[in-house]
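Work through the exercises below with the model open. Each task is followed by a solution in steps.

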Amino acid sequence: HCVIRKSTDHGDTWSIVFDTTECQHVHNIYVNKKVTPNEIFIGLDNYGGHVETYVSKNAGESWERVYVPYNNGDYAFRYAGENFYIGCGERNILGGAALYKTSDYTDKNAYYPLFDNGQGIRDVTNVIVDRDDVLIAGGCIGAPVSTEQLFLSEDKGETWKTVFMRPYPINEIPAGIGLRTFSRKGNQIISESSTGYAMRFAYGNGAKTIVAIVSVGDIPTTGK
């Protein structure tokens, strides 16, 4: 059961803007501020591998299904530059493309894979503020590859190289581990790695930040 809520008073009150029983996890909420009106993308999945991606162009009042042509569209779009979108997902669990790109998310034929790390990608961000050419991506861990990884692109995501690796013994991998979340302080980027999920929210030029670390257990079968 996935529910997404919206607040217009700095988090004091919330109203439901999306509700479905088809999926279990809200994996991603991403706002593309490069277009007007802004686009809000959400990526959903459940333990049965049912994945859905949606977009809203009116601040969550209504939603349209986005048909990503890969099984692992569960993290939907994690970065939008000028005239392009980059999406990602759990490649090791769902198959598909670890990282993919499109210039038109409404056209299935406009998508193409960027690379395959055998695991999956959880997050993508730009390295330099207000520049789309230099990007960094964080890889999740999952059999058959037990390595945390960071990948760097200097050509708007077209080609990538590994810039960080940290292996884990395959029998010691806890649920949810991976370089999965990026936070920014100016041009300094922090990549978070943990055995639980980290959820961050900031507004007002970073004046307020909420951080919650949630222990999720054995994702995806029993986690809540």
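**Exercise 1: the nonpolar cores**

L99 touches I86, G87, C88, P113, L114, F115, I121, V124 and W160, leaving aside residues up to four places away in sequence; contact means heavy atoms within 4.5 Å. This is a predicted model, in which local features need pLDDT of at least 70, side-chain atom pairs count only at pLDDT 80 or more, and totals for chains, interfaces and linings use all residues. Residues are numbered from 1 along each chain as its sequence is written, and side-chain values use heavy atoms, with hydrogens and water left out.

Task: find which residues touch the most other members of the largest nonpolar core.

Solution.
- Step 1. Apply the definition: a nonpolar core is a set of buried Ala, Val, Leu, Ile, Met, Phe, Trp, Tyr and Cys residues joined through side-chain atoms within 4.5 Å. Buried means under 20% relative accessible area, exposed over 50%, partly exposed in between (1.4 Å probe, protein chains only).
- Step 2. The largest core has 28 residues, and L99, I121, V124 and W160 touch the most other members.
- Step 3. Two or more residues each come from β7 (77-81), β8 (84-88), β9 (99-102), β10 (111-115), β11 (121-126) and β12 (135-139). Strands are DSSP runs (E, at least two residues), numbered from the N terminus.
- Step 4. β8 gives the largest share, four residues.
- Step 5. Another core, of 10 residues, lies apart from this one and includes F18, C23, I40 and Y54.

**Exercise 2: aromatic pairs**

Task: classify the ring pair F77 and Y85.

Solution.
- Step 1. Rings of Phe, Tyr and Trp (its six-membered ring) pair if their centres lie within 6.5 Å; planes under 30 degrees apart count as stacked, over 60 as edge-to-face and the rest as tilted.
- Step 2. The whole structure holds 16 aromatic pairs.
- Step 3. For F77 and Y85 the centres are 5.6 Å apart and the planes stand at 55 degrees, so the pair is tilted.
- Step 4. F77 counts as buried because its relative accessibility is 0%; Y85 is buried too, at 9%.
- Step 5. The rings of Y79 and F84, with centres 6.3 Å apart and planes at 40 degrees, are therefore also tilted. Both Y79 and F84 are buried.
- Step 6. Ring pairs join F41, Y70, F77, Y85, Y100, Y105 and Y111 into a cluster.

**Exercise 3: strand β14**

Task: locate M165 and list its contacts.

Solution.
- Step 1. M165 belongs to strand β14 (residues 161-167).
- Step 2. Beyond four places in sequence, M165 touches T147, E148 and Q149.
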